[in-house]
Amino acid sequence: MSHPGDDPATRRDTRPDSELRWLGHASTLVVDRQTTVLTDPILTGRVAHLRRRRGPIPSDPDVRAPDVVLLSHLHADHTHLPSLRLLGQDVPIVVPRHAPDVLPALRAVGGRLIEVVAGDEITIGGLGIRAVPADHDGRRWRRGPADTVALGYVISGQRTTYFAGDTDLYPDIGDWVPHCDLALLPVGGWGPNLGPGHMNPTRAAEAAEIVHAGLAIPVHFGTLWPIGLERVRPDRFFRPGADFVSLLADNAVAAIELQPGEGIDLGDSS
């Protein structure tokens, strides 16, 4: 049996004009000009050896039927094939160039793959989406071919949103993102240790200042953790978001820590 909320047109009429929801890890739902953007979706309770330890499994209609999906890179906690299979085949998926060649299974889950490099811009609904660099290993496998890179994205509509994906601070980040109203910045990871190509709370706070964010939201922490390591370095699981907010407390950049599944209405765009 269908319900009014199941109809995409009805959902667009009733959803907020401008909304952010953090679904956990690097998965976010950004609504701007009534266009829904889903980033790096993890829509299950488990990714390989990682278990979702906080937040509900995302399952509402907006999550399952976005207007576009943005994939930052091919690591399994960002390009999660089982989650992508839960989406409609007609949803366009933006990926780094050559990603389908490196991971051919992408072609089976996405009927509309859009390959981009840093500097490319596409239009989806009322939004412009521009790919920007990221300082992160973009390969699917540690010893796999380095034929594709990691990216971030700048979403331009009523507001400018910077989704950094997974990245460390890099020298010209301010040239690529000179200003944004909302910055979604990675502050941690999925295990006790952070390898190269990641921001910690200190570097993420510096990035928020460099891109002149109006509001910064910490992501990529406090969601996934290796099975059996619940008691190993729990501070690395729970603390990065609060530490990030604390570092920006006396700065011009406002920062809010959300819980996985929590969202904020960014205001009426009229």
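The largest cavity of this predicted model is lined by Ser-18, Glu-19, Val-30, Val-31, Asp-32, Arg-159, Thr-161, Leu-182 and Leu-266. A cavity is here a set of points, on a 1 Å grid over the protein atoms alone, where a 1.4 Å probe fits but cannot get out, and a residue belongs to the lining if it has an atom within 4 Å of a point. Rolling a probe the size of a water molecule over the atoms shows where empty space is left. The volume of the largest cavity is about 40 Å³, where a volume means the space filled by probe spheres set on the points, with grid points joined across faces, edges and corners. Counting cavities of 30 Å³ or more gives 1.

By class, 4 residues of this lining are nonpolar, 2 are polar and 3 are charged. In this classification Ala, Val, Leu, Ile, Met, Phe, Trp, Tyr, Cys and Pro are nonpolar, Asp, Glu, Lys and Arg are charged, and the others, Gly among them, are polar. Strands β1 and β2 each supply at least two of the lining residues, and the largest share, 3 residues, comes from β2.

Residues are numbered from 1 along each chain as its sequence is written. Because the model is predicted, local features need pLDDT of at least 70 and side-chain atom pairs count only at pLDDT 80 or more, while totals for chains, interfaces and linings use all residues, and side-chain values use heavy atoms, with hydrogens and water left out.

Why can strand β2 be called largely enclosed by the rest of the structure? The reason is that 6 of the 6 residues of β2 (residues 27–32) are buried, where buried means under 20% relative accessible area, exposed over 50%, and partly exposed in between, with a 1.4 Å probe and protein chains only. Both faces of β2 are covered, with Ser-27, Leu-29 and Val-31 buried on one side and Thr-28, Val-30 and Asp-32 buried on the other. Strands, like helices, are DSSP runs numbered from the N terminus: a helix is H or I with at least four residues, and a strand is E with at least two.

β2 is antiparallel to β1 (residues 18–24), with 6 bridges in that pairing, and antiparallel to β3 (residues 35–39), with 5 bridges; two strands count as paired if DSSP finds at least two bridges between them. Within these pairings, Leu-20 has Val-30 as its bridge partner in β2, and Asp-32 has Thr-35 as its partner in β3.

| Hairpin | Residues between the strands | Residue with positive phi |
|---|---|---|
| β1 and β2 | 2 residues | His-25, near 55 degrees |
| β2 and β3 | 2 residues | Arg-33, near 50 degrees |
| β9 and β10 | 2 residues | Gly-125, near 55 degrees |

The bridge partner of Thr-123 in β10 is Gly-128. Gly-128 is also in contact with Ser-156, which, leaving aside neighbours within four places in sequence, touches Gly-126 and Leu-127 as well; contact means heavy atoms within 4.5 Å.

Ser-156 lies in strand β11 (residues 151–156) and has a relative accessible area of 30%, which means that Ser-156 is partly exposed. Ser-156 and Arg-33 are 123 residues apart in sequence, yet their C-alpha atoms are 9.8 Å apart in space.

**An open sheet and a loop**

Three strands form an open antiparallel sheet in the order β4-β5-β15, and its edge strands, β4 (46–47) and β15 (224–226), each pair on one side only. Strand β5 (residues 50–52) is joined to β15 by 3 bridges, and in this pairing Leu-50 has Pro-226 as its partner. The loop between β4 and β5 holds Ala-48, which has a positive phi of about 50 degrees although it is not a glycine. Is Ala-48 buried or exposed? Ala-48 counts as exposed because its relative accessibility is 58%.

**The protein as a whole**

The protein has 9 helices and 17 strands, and 53% of its 270 residues are buried. Among contacts with a separation of 6 or more, 64% are between residues 24 or more positions apart.

Conventions: On a 1 Å grid over the protein atoms alone, a cavity is a set of points where a 1.4 Å probe fits but cannot get out, and a pocket is an open set with protein on both sides within 12 Å along at least five of seven lines; lining residues have an atom within 4 Å of a point.
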